[in-house]
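Good morning, colleagues. Please look at the structure on the screen while I speak.

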2 protein chains.
Amino acid sequence: MKQLLIASTSTVHGSGFLDYLLDALKIHFKKVDNVLFVPYARPGGISHDAYTEIVQLAFSKIGKTVKGIHEFDNPKDAIKSAEGIFTGGGNTFVLVDQLYKKDLMAPLKTAIESGIPYVGTSAGSNICGLTIGTSNDMPIAYPKSFKTLGVVPFNINPHYMDSDPKSTHMGETRETRIKEFHYYNSQPVVGLREGSYLQVLGEKITLKGPLNARVFEPKKTPYELKPEAELSNLT
Amino acid sequence: MKQLLIASTSTVHGSGFLDYLLDALKIHFKKVDNVLFVPYARPGGISHDAYTEIVQLAFSKIGKTVKGIHEFDNPKDAIKSAEGIFTGGGNTFVLVDQLYKKDLMAPLKTAIESGIPYVGTSAGSNICGLTIGTSNDMPIAYPKSFKTLGVVPFNINPHYMDSDPKSTHMGETRETRIKEFHYYNSQPVVGLREGSYLQVLGEKITLKGPLNARVFEPKKTPYELKPEAELSNLT
């Protein structure tokens, strides 16, 4: 049975890395002692080691050890033998580029589908969707495909932001961008505000956290989902 | 001699489409009666015809006629015989995808390098740089390459936004994103604030408009350029 937490962000304003998620992580990883961490998204260009240290510190608060996938001689084997997996945020293009270059997309999908508990934040959540076509990130690397794990049957838009009616900036709002996405793509998009996450247990997908999520489907008015709403039929 | 205007945006807050640029366009296109318009970026998914109508209306104010490249049977020939070219904003990925699919990237570069006056706004400016690796857009299409015209020896970041120190949003700031770009790429990046544009005349590149631009180079502190500053040696 698939077991995922797909979170908008690693960090909510005013608290430490993963702090707001620790209670949920404790339950999610209750049978996991050692977490395999995928640091490839490298937020701010941070090194794999430095990023892994940050994650170790956070998971130590709930009694888990963490090892970065870059520390293994064979990252495919690391995924195959993982008890639980966490992919952190950063740049989605860099993450996907690395997953393809190291031929890890398929093993990661297999591991998740076999029931290994997975947690993603931001870029690590984007890759759970069908494509990274609704990433907010700058395209600083060119991955060989935008297709990703597809372990949920829609796309994720993390860090979802509502439009600021006072803004004078002429760049597109998030909602406009996602509507544009639907001129060329048909899958639904779930905009997760910071502090929200999806819990996937088998085929059951539930919105968690204190905030609504915003769902975009082609040719439909976007709509809000309340916490504890189910998205299991969203395809 | 190359002749380009590379603008951050088509529209500044509180005025109409291209209004703030019309005086500059009048000079730039003084020997041009008919402008070839490239509507492929389709802002908000607008049709090529509808986008072309908006552009026609703007250019009619300075006595120019406009024809959309999509109206020609052979878009390559349209570029080869153009008196002047304008590529409008929208989604950079969609624009670049179309330019590659229609095999127009090379003809467009040739036309610009032969001296055909070119104007780009937003996505139409992004493509003047070496790559679209510093686009702000959502990756809603997968172009066969991120490489673009390279008619200036750096990258453009249009709609450049300064960080809001009051923001509680945990997504990356523009400056952070561009710094991340430089972990993987070496070319300078010119952040053009809305209302700014670069004028390229042969090898001379000058910042125009009322605002400073922000320049990012690898391993250097970002710095500001004042209006009328030259960027001719930025590579």
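How do the residues of the lining of the largest pocket divide into nonpolar, polar and charged? Before I reply, please note that this is a predicted model, in which local features need pLDDT of at least 70 and side-chain atom pairs count only at pLDDT 80 or more, while totals for chains, interfaces and linings use all residues. Residues are numbered from 1 along each chain as its sequence is written, chains are lettered from A and ligands numbered from 1 in the order in which they are written, and side-chain values use heavy atoms, without hydrogens and water.

The lining divides into four nonpolar, 15 polar and twelve charged residues. Here Ala, Val, Leu, Ile, Met, Phe, Trp, Tyr, Cys and Pro count as nonpolar, Asp, Glu, Lys and Arg as charged, and the others, Gly among them, as polar.

I turn to aromatic pairs. Rings of Phe, Tyr and Trp (its six-membered ring) pair if their centres lie within 6.5 Å; planes under 30 degrees apart are stacked, over 60 edge-to-face and the rest tilted. Over all chains, the count is 20 aromatic pairs. The ring centres of A:Phe37 and A:Tyr51 are 4.9 Å apart with planes at 85°, so this pair is edge-to-face. With 0% relative accessibility, A:Phe37 counts as buried, meaning under 20% relative accessible area, where exposed is over 50% and partly exposed in between (1.4 Å probe, protein chains only). A:Tyr51 also counts as buried, at 3%. Both residues belong to a cluster linked by ring pairs, together with A:Phe17, A:Phe29, A:Phe59 and A:Phe86.
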